[in-house]
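User: I'm new to this one. Can you put it up and walk me through some of the packing?
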Amino acid sequence: MKTHKVLFLAIFFAFMGCSEKEMIHETKSYPDTLSLSWKHVENQYKGKMMHLGLLTIHNPSDVPLPRDGWSLYFNRFRRLIVDELPDVLDGCHINGDFYMLKPKSSFAPIPPGGKVVLPIVANYWTLNYTDLPMGNYFVFRYPDGHEEFLPVSLTYEPFDTLRIHRTSYDKLPVENPTLRFKRNKKQLCETMNPLETNKPLITPTPFEIQWMDNPVHLSGPVTVIADKSLENEKIYLETVLQKLLQSNDSTDSKSQITLKLDPELTHPEAYRLVWTADNVLEITGSDPAGVFYGIQTLRGLFPPEAELHGVDEMIIQGVIITDYPRFGYRGIHVDVARSFRNTSEIKKFLEVISFYKLNTLHFHLTDDEGWRIEIPGLPELTKIGAFRGHTYDERDHLYPSLGSGPFANDLTSNGNGFYSREDFIEILKVANSYHIKVIPEFDLPGHSHAAVQCMRVRYERLMSQGDSIAAMEYYLLDPNDTSQVESVQKWTNNVVNVCMESTYHFCEKVFDEIIAMYKDANVPLDIIHIGGDEVPQGSWNGSPLCQAFLMEHPDYENADDLARYFSIRLNDMLRQKGLKTAGWEEIASKIEENKRVPDMRMKERKPIAYIWNSVWGWGAENLSYQLANEGFPVVLANVTNFYLDLAYNKDPDERGLYWGAFVDTRKAWEFTPFDVRNCTEMDLYGEKIDLSQAKDFIPLTPEGQQHILGLQGCLWAENFQDMDKFEYMAFPKILGLAERAWSAQPIWEINKNGDLQRKDWTIFAYKVGYFELPRLDAWNVHYRIPLPGWVVEHDTLYANIRFPGLTLRYTRDGSLPTENSPEYTQPVMVEGAVKVTAFTKFHQRQSR
């Protein structure tokens, strides 16, 4: 990769005790091309919770890489063990996932065409390529003080799958074709063909479908008649029909679709679709949202190819569909703080999820790595907090994170960008037209490095101007705080001080500006999510202001208990503005005897608790049920089933983290909201869970069920460097979430009937493979194509796939199949190495 000739005039600051100051006397020249490669050696290195890898610097240029004057920067989830660095390197952790390596005087220059292999040790383990360094770049320093940045790629050697087990007790097998074949065979009913009725299959499954004996037709042009209150739905349906039905003005067609409200439909968001006569169709709803979902079901009756080029005429059996959702809250959390998604990308995503009847976007707008929304009057939040690039002091922008690279002016980087006030209002309007509620999240008091740093720059600017009153108005730190803490994501200075009134001035300023945006969009706002999660223990121990506060307020036990004070203050502030407070599970719970339990001191305020930490064996497996049983409103966002950003499975070539689970479409689909024991089989390391030992498990009561508001999938963005990667992790997992959030409770959820579950999964798998994946293809959604399973027995190839409907092709020489390779339709004789891949119906994308 060629050097970007970006000059950076810099005073060399110290990085966390890691000095960049060097005296360079001679003229310097550096390679304009370098690259990196990685080889994983072993986990459990030296018998400890750390791993060893080999980092190779390749120099294909005509210029040596000298022994000094340069540094290598990178982001990585695994902490660098500095004491284990080779003798020729120095290095340090800067903040968050940001690290630096630089040569010692003993480093030998790398000649043209040469390389150097460097052993690197980091904590925990390496399982897939998401664990490797990313966003790598060299900084070259010249005697005149300027710097140049050279981004470099990193390739990795194939992992030895015997060396990626995390611990000695990691029993979870590594993915392979045989494992997939056996799993598919076990989960799918091979004697069952859901397509034999020749009727479309709808996702999510409607409550009731009655098929008539007579066929019905629909051809264009179509007249849509609607109540005045359904103008939005009328416009949407007309837009959809223009795409799905080719208008034929030469016909005598007088097709008509009627949209209206029906007070006899008592469930919120309910609808009835009646299509029993040619060219006459009626959709009624209990409210406009119900009518909208009826339109989406009509859209789902059309074949997927209609989304590409339209059809002349639609012919199906007459049908009456009556439907309503199981849960009123059907959400998806999108983290744009860590990896920014622009307005167009969000609007596309909103339209897709609305088709699957999800109705809430939980919009994670702020975190340590970024602040993504304009707040009038606080320009630093987006001028500094919305951009990441190489810096020594974060006064112009934030540190690179999550592979964002050195250039803060690169708008293709996942680290750069924000929503202007106008952008956000546009998103609100679009979401509202799809009946999607947008819940903004401002993650406080932890996860706040971006806000803290931006307000620090603001403070210093105003203090330099002699305006101390304005400087302190929104300041978020106690200047005399000596607390030394680090978050689980390795951030320092990422917690606001909860004992300063300026912190609450800041929160109120942000809330008031957001409220004004909703008002200007003419979109209702009833909930703000305040985060509240993962505050590092001891965050305010060294704050004189907080120690004084504790002396005056003995109701708070210690400095850590001040997180509750903060939640109460924000809850009261939002209630006065007519809003509800939501937050992660921490805002409604506390630690008692090393377990998280409901905090009854918060019950009267009834914050909406979003449950996330459901890892079996970590002590909070049924916190959600305890909270709901006590009357707290609860949203289930269980990491074990609904953290959609987690890796699909244990495969070194799959992207994604896996700290809480491996999550695929099946995991989301099989979730049993009212008794999670019925979808719990193995722990994080593949050990079978003995539920008979879960004697402390508190079941959900019938009354508690009424406090489960619904389900939410989460798309945290640590490993979404672009929209393709975002969609790869989101789809088709979201389809499993939608099925469980909308469709009626299945019998197997209650009695754990394996045969019924297998039949239901088979129907769902056929729906996904034959209808939804082609539809996503037509919408240009870059979903993950499942890898086929296969075995060769007695020189015969047997193959299958998780979602029947995809085309399987194979080779007999181990090469990657192409569109021209033989199609697998039945067992076939083979010799030699075999490779099978899956191809999509449209665009001919293929699995790896």
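Predicted model: local features only at pLDDT ≥ 70, side-chain atom pairs only at ≥ 80, totals over all residues.

User: OK. Which residues in α18 meet α20?
Analyst: Leu735, Gly736 and Glu739 do, and on the α20 side they meet Phe764, Lys767, Val768, Glu772 and Leu776.

User: How do the residues of that contact divide?
Analyst: Into 4 nonpolar, 1 polar and 3 charged.

User: And at what angle do the axes of α18 and α20 cross?
Analyst: The axes of α18 (residues 733-742) and α20 (residues 754-778) cross at roughly 125° and come within 11 Å. Angles over 145 degrees would count as roughly antiparallel, and 65 to 115 as roughly perpendicular; α18 is therefore oblique to α20.

User: Is the crossing left-handed or right-handed?
Analyst: Right-handed, as α18 passes α20.

User: Switching to strands. What order do they take in the open sheet?
Analyst: The order is β12-β17-β15-β16-β14-β13, which is 6 strands with mixed pairing. From one strand to the next, the twist averages 25°.

User: How many bridges join β15 to β16?
Analyst: There are 5 bridges between β15 (residues 271-277) and β16 (residues 280-285), and the two strands run antiparallel. Tyrosine 271 stands opposite glycine 285 in β16.

User: Which helix lies across β13 and β14?
Analyst: Helix α2 (residues 231-244) lies across β13 and β14 (255-261), and α2 runs at about 165° to β13.

Methods
Residues numbered from 1 in each chain as written. Heavy atoms only, no water. Pairing = 2+ DSSP bridges. Helix = DSSP H or I, 4+ residues; strand = E, 2+ residues; numbered from the N terminus. Axes fitted to C-alpha atoms, helices over the stretch in contact; angles between N-to-C directions. Contact = heavy atoms within 4.5 Å. Parallel < 35°, antiparallel > 145°, perpendicular 65-115°, else oblique. Left-handed = near helix turned anticlockwise from the far one by under 90°. Nonpolar A, V, L, I, M, F, W, Y, C, P; charged D, E, K, R; others polar.
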